[in-house]
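Please keep the sequence and the model open while reading.

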Amino acid sequence: MQLRQKGGGCMEAPYSEKLRHRRREIELTLRHLERERREVEENTEWIDQAAYASRISLLDRLTAWYRDEISRIEKVLGRPNESRYGLCLVCHEPIEADRLDLYPEAELCFDCQEFRDRAEPS
Ligand SMILES: [Zn+2]
């Protein structure tokens, strides 16, 4: 599998493949987090209650973060036009690769997104 893409060209398939790969990675991470949380809970030797609480809350935040990412990825994979993944919905140009790395659910290229953000400030 080719993880590193250089330049332009047709990149539709690799992108959704990359997303599936990312989803598998996140699933593993989530399982790992669950296990670690259980271990923290089962460990009764915490001297400092505050340290325990902050550890748990960190694990919870990470879990929520990854769950959110997985649901965004699933939204992309469930799109009827999944084969067009990686192409901007507005200008139909390929979305920047580094942008997709950061926002796998991105539907617009940088320019179009910026234009839209300016048009409808949130
Ligand atoms: Zn665009």
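What percentage of the 122 residues in the chain is made up of buried residues? Buried residues account for 10%, where buried stands for 20 or more other C-beta atoms within 10 Å of the residue's own, exposed for 12 or fewer, and partly exposed for anything in between, with C-beta atoms placed from the backbone.

## Model and confidence

The model is predicted: local features need pLDDT of at least 70 and side-chain atom pairs count only at pLDDT 80 or more, while totals for chains, interfaces and linings use all residues. Residue numbers start from 1 along each chain as its sequence is written.

Mean pLDDT (the predictor's confidence in each residue, from 0 to 100) is 83 for the chain, and 83% of the residues reach 70 or more. In residues 1-11 the pLDDT is below 50, and this stretch has seven contacts in the model beyond near neighbours in sequence. Where pLDDT is low, predicted coordinates should not be read in detail.

## Secondary structure and contacts

The chain contains four helices and zero strands, in the order α-α-α-α along the sequence. Helices (H or I, at least four residues) and strands (E, at least two) are DSSP runs numbered from the N terminus.

A contact is a pair of residues whose C-beta atoms, placed from the backbone, lie within 7 Å. Of the contacts in the chain between residues at least 6 apart in sequence, 53% join residues at least 24 apart.

## Nonpolar core

The largest nonpolar core has eight residues: Y15, L19, Y85, I95, L100, A106, L108 and C109. Such a core is a set of buried Ala, Val, Leu, Ile, Met, Phe, Trp, Tyr and Cys residues joined through C-beta atoms within 7 Å. Beyond neighbours within four places in sequence, L19 has contacts with I73, V76, L77 and P104.

## The loop between α2 and α3

L87 lies in the loop between α2 and α3, and C88 has its place in that loop too. L87 is partly exposed because 19 other C-beta atoms lie within 10 Å; C88 is partly exposed, also with 19. Leaving out residues up to four places away in sequence, C88 touches E93, I95, L108, C109 and C112. With neighbours within four places set aside, L87 is in contact with H92, P94 and I95. From C-alpha to C-alpha, L87 and L108 are 7.4 Å apart in space and 21 residues apart in sequence. For C88 and D111 the C-alpha distance is 9.8 Å, at 23 residues apart in sequence.

H92 belongs to the loop between α2 (49-77) and α3 (97-102). Is H92 buried or exposed? H92 counts as exposed because it has 10 C-beta neighbours inside 10 Å. Its phi is near 65 degrees, a positive value in a residue other than glycine.

Terms used
Two residues are in contact if their C-beta atoms, placed from the backbone, lie within 7 Å.
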